[in-house]
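Before turning to the details, please take a moment to look over the model as a whole.

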Amino acid sequence: MPADIGSGLRIFTLGGLSIQLDGERVEFVTRKAEALLVYLVSSRRSQPREILGTLLWEEQSQVLALTSLRSALAALRKKLGSYIDATRTTIRIGGPYVWCDVEELERRLEAADVEGALSLFNGEFLEGFYVRGAANYDNWLVAERERIHQLVRKGLHEHVARALSWGQFESGLVSARQLIEMDPLDELAQQQMMTLLANSGQRAAALAFYEECRQLLWEELG
């Protein structure tokens, strides 16, 4: 991450896409140039040109796909310059000052900083982002959304468990509510919510929540 929060290349992907270079917003003419940038930043390693061509231009022949890739690469180079590290066979995002909200979210979750991680979780990965004629990219996008979703849920469950162990019931209730908002049928989160309510002296609220859950499970799952 850049030492100066306004410096370097910063990619925001949670809740939509925003690209910033040294504090200034960067926009590209084509959606596929943006899609290519996000994929390279997400992988943070060299990617074979053939793979990238198939990912974004699957309906074209390999020759045409590689030509289209070169055009997208030229667009990235025009705006991002030295951050694009390309050889005859591979492409990667280079330079030390590259920051991505997903990478930072994962780092904070690993450090058990759930509140800090959630401050970055402003919505689904690339929410509202669509790339026409790129089913392979769409499949990757769906898988990445689910992976991030599961990471956040895992972090929240662990935070609730710690809150229960340490008697930090109010903090645990916040995380439990977030879990249920993400997935109303998450039975573990429902159980944790009832336990937190009961342990914090809200027995009537715990019983009322139990009835809500029982009705929801009956209506949704029979």
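In this predicted model, the secondary structure of the protein consists of nine helices and seven strands. Taken along the principal axes, the box that the C-alpha atoms fill is roughly 65 × 45 × 25 Å. The radius of gyration of the protein is 22 Å, whereas a compact globule of 222 residues would have a value near 17 Å.

Of the contacts in the protein with a separation of 6 or more, 57% are accounted for by residues 24 or more positions apart, and buried residues make up 43% of the 222 residues.

As for the surface, the protein exposes about 12,000 Å², and of this area 51% is supplied by carbon and sulfur atoms. The charged side chains comprise 24 positive and 31 negative ones, with the centres of the two sets lying 8 Å apart.

The cysteines deserve a separate look. How many disulfides does a search of the whole structure find? The search finds zero. Are cysteine 100 and cysteine 213 buried or exposed? Cysteine 100 has a relative accessibility of 5% and counts as buried, because the term applies to residues under 20% relative accessible area. Cysteine 213, with a relative accessible area of 6%, is therefore buried by that cut-off of 20% as well.

Technical notes: Residues are numbered from 1 along each chain as its sequence is written. This is a predicted model: local features need pLDDT of at least 70, side-chain atom pairs count only at pLDDT 80 or more; totals for chains, interfaces and linings use all residues. Side-chain values use heavy atoms; hydrogens and water are left out. A disulfide is a pair of cysteine sulfur atoms within 2.5 Å. Buried means under 20% relative accessible area, exposed over 50%, partly exposed in between (1.4 Å probe, protein chains only). Helices (H or I, at least four residues) and strands (E, at least two) are DSSP runs, numbered from the N terminus. The radius of gyration is taken over C-alpha atoms; the globule rule is 2.2 Å times the number of residues to the power 0.38. Contact means heavy atoms within 4.5 Å. Accessible areas come from the Shrake-Rupley method with a 1.4 Å probe; for residues, only the protein chains shown count as cover. Lys and Arg count as positive and Asp and Glu as negative; His and the chain ends are not counted. The place of a charge is taken as NZ of Lys, CZ of Arg, CG of Asp or CD of Glu.
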